[in-house]
Amino acid sequence: VPGQNDDKDIRDLEKSLRHVIKIDSTHYQAKIILAKRLVMKEAYEEADHFIKSALPDNENDFELSATKLEMLGALFERGCMSKLYRNHLERAIENFPGALSINSSSEKAIHGYSRCILQRFLNSRGKGKNKNDLNDSRKRMEKMKNSCFVPHLLTLARIYSE
């Protein structure tokens, strides 16, 4: 029965992620996924610990990994992250261009960045700020107008409706 063992599955996932981190303390994928799970269950301090441990010690130390930047961008983009970081959307917006500088055709980075700047536009509508975000979001998503991936198409439709 779907959903019957969801709590157990989530506990098992967290346990597995913690085990991976224990084995390899540099495994940023496990840290970011675990942080996402922790934020969703409102364990913010622990989530913050794993997020900070996935981030570089300084800006020059950032390993060139599009996947890492995409994952961090996607994590910061989540609405529930506002309870942990007030500027979560700006943090997301900062990560996606880094991923795009490494892989300019990354659909995940293009889509995530477009969604973030669209959301920034929607949040500031009527305030006169970020006027170019809608056009920038549209321009980026146009690259994926032939995509068959439904989330891409829905984001593009949302942009067009604005």
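Let me start with one definition: buried means under 20% relative accessible area, exposed means over 50%, and partly exposed is what lies in between. Keep that in mind for glutamate 90. Its relative accessible area is 31%, so glutamate 90 is partly exposed. One caution before I go on. This is a predicted model. Everything I show is computed from that predicted model.

Salt bridges next. The count comes to 10 salt bridges. I will take a few of them.

Stay with glutamate 90. Which side chain does glutamate 90 meet in a salt bridge? Arginine 120, with N and O 3.3 Å apart. Glutamate 90 sits in helix H5, residues 88-102, and arginine 120 sits in helix H6. The two are 30 residues apart in sequence, so this pair ties together separate parts of the chain.

Is arginine 120 buried or exposed? Buried, at 17% relative accessible area. The cut-off is under 20%, which is why a value of 17% still counts as buried.

Arginine 120 has another partner. Its side chain also meets aspartate 133 in a salt bridge, at 2.6 Å from N to O. Aspartate 133 belongs to helix H7, residues 133-142, while arginine 120 is in H6, so this pair ties together parts 13 residues apart in sequence. Aspartate 133 is buried too, with 6% relative accessibility. Shared partners join Glu90, Arg120 and Asp133 into one network.

Now another part of the chain. Arginine 18 forms a salt bridge with glutamate 46. The closest N and O atoms are 2.6 Å apart. Where do the two partners sit? Arginine 18 is in helix H1, residues 6-23, and glutamate 46 is in helix H3, residues 44-54. That pair links distant parts of the chain, 28 residues apart. Arginine 18 is partly exposed, at 32% relative accessible area. Glutamate 46 is also partly exposed, at 31%.

Back to helix H6, which covers residues 107-124. Look at serine 114 in that helix. Its relative accessible area is 0%, so serine 114 is buried. Where does its side chain reach? To the backbone oxygen of isoleucine 110, at 2.8 Å. What else does serine 114 touch, leaving out residues up to four places away in sequence? Ser137, Arg140 and Met141.

Cysteines, for anyone thinking about disulfides. How many disulfides are there? The count comes to 0. Cysteine 80 is in no disulfide, and the nearest cysteine sulfur, on cysteine 116, is 13 Å away. Cysteine 116 is likewise in no disulfide, with the sulfur of cysteine 80 the nearest, at 13 Å. Why does that pair not count? Because a disulfide needs the two sulfur atoms within 2.5 Å. Cysteine 116 is buried, at 0%.

Next, helix H8, residues 150-161. H8 has 12 residues. From its first C-alpha to its last it reaches 16 Å, close to the 16 Å expected at 1.5 Å a residue. Which residues of H8 are buried? His152, Thr155, Leu156 and Ile159. Those residues cover an arc of only 100 degrees around the axis, which puts them on the same side of H8. Now turn to the face away from that buried side. There you find the exposed residues Leu154 and Ser161. And what covers the buried residues of H8? The cover includes H6 and H7.

One last stop, in helix H5: asparagine 95. Asparagine 95 is buried, with a relative accessible area of 10%. Its contacts, again not counting residues up to four places away in sequence, are Leu69, Leu72, Gly73 and Phe76. Compare leucine 17, which is 78 residues from asparagine 95 along the chain. Those two C-alpha atoms are separated by 23 Å.

To wrap up. Salt bridges join Glu90, Arg120 and Asp133 into one network. The disulfide count is 0. H6 and H7 are among what covers the buried residues of H8. And again, the model is predicted. Thank you.

Definitions and conventions
Residues are numbered from 1 along each chain as its sequence is written. This is a predicted model: local features need pLDDT of at least 70, side-chain atom pairs count only at pLDDT 80 or more; totals for chains, interfaces and linings use all residues. Side-chain values use heavy atoms; hydrogens and water are left out. Buried means under 20% relative accessible area, exposed over 50%, partly exposed in between (1.4 Å probe, protein chains only). Helices (H or I, at least four residues) and strands (E, at least two) are DSSP runs, numbered from the N terminus. A polar contact is a pair of N or O atoms within 3.5 Å; within protein, one must be able to donate a hydrogen and the other to accept it, and residues adjacent in sequence count only if both atoms are side-chain atoms. Contact means heavy atoms within 4.5 Å. A salt bridge is a side-chain nitrogen of Lys or Arg within 4 Å of a carboxyl oxygen of Asp or Glu. The expected span of a helix is 1.5 Å times one less than its number of residues. The arc is that of the directions from the helix axis to the C-beta atoms.
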